[in-house]
Amino acid sequence: MRIDVVSIFPDYLAPLDLSLVGKARTGGLLDLRVHDLRDWTTDRHRTVDDTPFGGGAGMVMRPDVWGTALDSVLDDGAHLLVPTPSGAPLTQRTAERLAEEQHLVVACGRYEGIDARVAEHYRARPGVRVSEFSIGDYVLNGGEVAALVLVEAVARLLPGVVGNPESLVEESHGAAGLLEYPVYTKPPQWAGLDVPDVLLSGHHGRIARWRRDQALRRTAGRRPDLVAALDVAALDRADLAT
Ligand SMILES: CN1CCC[C@H](Cn2ccc3ccc(-c4n[nH]c(N)c4C#N)cc32)C1
């Protein structure tokens with residue numbers, strides 16, 4: 001998979017040189033390219049923004065500079081992803097679908113955002129898909145943090161990136177849409193607190209049922225919105241597997 005990220009703060013994406021994503025890059029599993037939007041400016045001040053039509057506070061990112069940049073990195077079949085507070089929520093299902101694709105391009109806006117004609121223009125481009133997404137209901141200063149989130153959420157799903165692929169099945173928002181169960185390790189007593197006895201029993205069936213029960217309780221207690229969307233069939237399959 002190839003992922004291009006375009007930003008006026010390319011150093012914001014430096015963490016993608018580290019850990020699993022960094023190893024995926026050096027191992028050839030992920031072709032990640034980070035670009036400085038200002039490389040596509042033509043004036044001596046390397047201007048990327050201007051005042052908003054219709055007035056209002058702040059500045060808007062220019063469509064011409066973004067157009068030159070995206071024409072340079074987009075190819076047929078690419079998926080243009082634009083982080084924005086007004087975008088569709090980025091979910092695990094979205095990450096799973098994106099991990100199946102060949103070429104993602106993330107356009108990181110700043111200021112008050114990118115001129116709306118940029119997304120409109122590329123939606124009309126045959127062979128290019130455009131998705132505006134959000135990583136949560138809070139306002140950030142730009143799209144770079146969202147790009148970090150998206151790249152990590154997608155990269156970890158690529159074959160060979162995570163050491164134990166089984167761990168991808170059980171995790172939060174996994175196959176059945178449940179939150180994760182609580183995890184414990186040594187020492188067995190800490191700060192006057194014990195590890196649940198069932199986890200020390202060695203009875204795998206009971207442990208699996210306890211974990212699913214804990215995941216259900218957590219999901220119902222913390223994310224009642226997810227309960228309505230629970231994939232009961234996947235839950236039953238999980239039960240049958242224990
Ligand atoms: C006051 N203004 C309001 C409009 C957006 C301005 C900052 N900004 C410019 C580009 C840009 C891209 C994403 C996000 C963002 N914020 N929250 C999220 N979940 C996001 C995501 N994905 C924020 C952004 C700040």
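The model is predicted, so local features need pLDDT of at least 70 and side-chain atom pairs count only at pLDDT 80 or more, while totals for chains, interfaces and linings use all residues. Residues are numbered from 1 along each chain as its sequence is written, and side-chain values use heavy atoms, leaving out hydrogens and water.

Around the ligand there are 18 residues, of which Pro83, Ser134, Gly136, Tyr138 and Leu140 come nearest; a residue is near if one of its heavy atoms lies within 4 Å. By class, this shell has nine nonpolar, seven polar and two charged residues, where Ala, Val, Leu, Ile, Met, Phe, Trp, Tyr, Cys and Pro count as nonpolar, Asp, Glu, Lys and Arg as charged, and the others, Gly among them, as polar. Strand 5 gives the largest share of the shell, three residues.

| Residue | Distance to a ligand nitrogen atom |
|---|---|
| Threonine 84 | 3.5 Å |
| Isoleucine 135 | 3.5 Å |
| Leucine 140 | 2.9 Å |

Taken alone, the ligand exposes 540 Å², and the protein buries 83% of that; accessible areas come from the Shrake-Rupley method with a 1.4 Å probe.

Leucine 140 is found in the loop between strand 7 (129-134) and helix 5 (144-155), helices (H or I, at least four residues) and strands (E, at least two) being DSSP runs numbered from the N terminus. Because its relative accessibility is 35%, leucine 140 counts as partly exposed, a class lying between buried (under 20%) and exposed (over 50%).

Notes
Buried means under 20% relative accessible area, exposed over 50%, partly exposed in between (1.4 Å probe, protein chains only). A polar contact is a pair of N or O atoms within 3.5 Å; within protein, one must be able to donate a hydrogen and the other to accept it, and residues adjacent in sequence count only if both atoms are side-chain atoms.
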